[in-house]
Amino acid sequence: MSLPRLPIELLDDILSFLEPAKDGATLCSCALVSRDWFLSASACIWRDCEWTVSEYVTNHRSLLRPQKLMRDYRECIQKLKIIPDEEGEPAGRLPSLARFLKSCPSMRYLCVDVVCLTDDDLWSLTTSCPQLRVLSLKFGTVESGYALSDEGLMAIAKNCGKLKDLRLTLGECVLSDRGLKELGDRLAGKMRGFGLECVPREFRFATGMTIGNVGGMEIREGDGKRRLEGLKYVLQQNPQMKVVSFGWGEPMDDFLEFASEHLRSLERLKLTGTVESPVALGRMLNANKDTLTALSLVDILCPLPLTGIFQPLLHLTPPRLQVLELNGMAHVYDILLLLPRFPLQHLKIYASRQSASISHINSDQRIAGVIKACPDLRSISIPIYGDLPILAMAGCHRLETVEIKDGRHVTDSSMIHLIRRCPNITRLELGSATLLTDATWSLLAQLPLHTLGLPFGLTNQTHRTLTAITRCRTLRVLRNLPITVGRQALMDCIPAMKLKWLGVWVDGRLPARERLSKEEEQIITKGGCRMLQYS
């Protein structure tokens, strides 16, 4: 008499509680129980895929020949995110992506952060995956052959009728109001998120002053103004949007005035560019003060201080803002005085050229005050000078990500205190904290680290240092490991680790012979990590 079989639907629900990133070994064991368990477990393993370009190239070669596999795993993929191996990834390095996606009928989320798609690819991609809910793509310039035009945007609008979140990063914008209005009409009332950012930001989006011929495409006077009208039309057709992200080179005041009249329920807002006055930006925040929980301001250039824009958010009882990013902002020193009044959980501050002196002892006092007022912080990325902010972080017991900029006067005493008080840190980036010694490295094994960025320019590491880091069994990414730690130490320790990525720092003053030989690199990459990169 055979045992009763567990219903497939129930088995799928049970295994869906397991996360492939954390429970991969458990899912692999489940896949060996029986054929039914294999089908359910393999679907969970392949459900969410986040690959670098190199990992995609390796995986797609096998997946394009499903007859040699137990099943076509592409049918299981619901979420696919492809990120570059390194900054400045050359365009067109993803072979057969459109062909690969043709066999992904369950795809709901697609993010390609690499310039590799053309308009023809978009027609093929959107036809194969009409059920997409989230789509995030990156495009290049007309000269590269990977620019997004109206035809590509119309392919998205016509074929992805269930799309709720669209994010586009453009290297050069040749869109017209035709494509944007088509997007607004087709997805009217459906979109929950929309982002359009133009990089480089010297592109004149809001005006029609650029006239000429770019890559064979005619740019006529007034095109920029019509594009802006098309963008406004998208917002007008989707006033229910919760997440928006915009960025271009020309002043955004007129656009922000329009957006503040139509968008009243934003939860996340990201802006990149120039404003002539903080008034329009303040109205945008005031219009969404009751719902806004995340704000990101990147390279906002304004001749006047922006401290006043936060006043509408401070008048709420209690304030709602939980996520704040100030990247390349001026007047940061003054803004720091306002932040202790927000219940922040995620904080990122990057200094700009106009506030390059933020990393000094006076700023440390204000930053420490912000951290002490936000005991629920989970991630923090800030420029600091010495130990004071690190000691304040030790009171945030839920911290998971710590990213230090500068920190050249941070010492072992504060870092040891942080490690002992915050046991959940999974990512630790140590900037330029070159005063740290083996006293800190020997305690890292107490943390469930996934990513560790050693201080840039560190020269006092030894074989003992690397041995201590090797004890971090969960570590997958190691950055800025100095070549001065010793060739033999690298050969002994790295193969014992299960790294996905290893960054080796080579002092430019050292002779070329100090680098690893090809044979030594092969030993490391085959035994200890998937990718080795010099910096």
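## Stop 1

Select Arg47: with 17% relative accessibility, Arg47 counts as buried. Buried means under 20% relative accessible area, exposed over 50%, and partly exposed in between (1.4 Å probe, protein chains only). Before going on, note that this is a predicted model, where local features need pLDDT of at least 70 and side-chain atom pairs count only at pLDDT 80 or more, while totals for chains, interfaces and linings use all residues. Residues are numbered from 1 along each chain as its sequence is written, and side-chain values use heavy atoms, with hydrogens and water left out.

Arg47 and Asp48 form a salt bridge, with 4.0 Å between the closest N and O atoms. A salt bridge here is a side-chain nitrogen of Lys or Arg within 4 Å of a carboxyl oxygen of Asp or Glu. Asp48 is partly exposed, at 39% relative accessible area.

## Stop 2

How many salt bridges does the structure hold? There are 16. Side chains of opposite charge can pair when their charged atoms come close.

Select Glu182 and Arg186. Their side chains meet in a salt bridge of 2.7 Å, N to O. The two are four residues apart in helix α8 (residues 177-186), so about one helical turn separates Arg186 from Glu182. Helices (H or I, at least four residues) and strands (E, at least two) are DSSP runs, numbered from the N terminus. An α-helix has 3.6 residues a turn, so residues three or four places apart point the same way. Glu182 is buried at 18% relative accessibility. Arg186 is partly exposed at 40%.

Jump to Asp406 and Arg408. Their side chains also meet in a salt bridge, 2.8 Å from N to O. Asp406 is buried, with a relative accessible area of 16%. Arg408 is partly exposed, at 48%.

Then select Asp150, Glu151 and Arg178. Salt bridges link these three in a network.

## Stop 3: Arg74 in its loop

Select Arg74, in the loop between α4 (53-63) and β2 (79-83). Is Arg74 buried or exposed? Arg74 is buried, with a relative accessible area of 6%. Show the side chain of Ser103: a polar contact of 3.4 Å joins it to that of Arg74. A polar contact is a pair of N or O atoms within 3.5 Å; within protein, one must be able to donate a hydrogen and the other to accept it, and residues adjacent in sequence count only if both atoms are side-chain atoms.

Beyond its neighbours within four places in sequence, Arg74 is in contact (heavy atoms within 4.5 Å) with residues including Leu63, Leu64, Pro66, Arg99 and Phe100.

## Stop 4: helix α11

Select residues 278-287. Seven of the ten residues of helix α11 are buried, so the helix is largely enclosed by the rest of the structure. Among them are Leu281, Met284 and Leu285. The buried residues of α11 pack against α10 (253-262), β10 (268-274), β11 (294-301) and α12 (311-314).

## Stop 5

Most residues other than glycine have a negative phi. Select Asp299 in strand β11. Its phi is positive, near 50°. Asp299 is partly exposed, at 33% relative accessibility. Finish at Asn480, in strand β18 (residues 477-482). Phi of Asn480 is also positive, near 60°.
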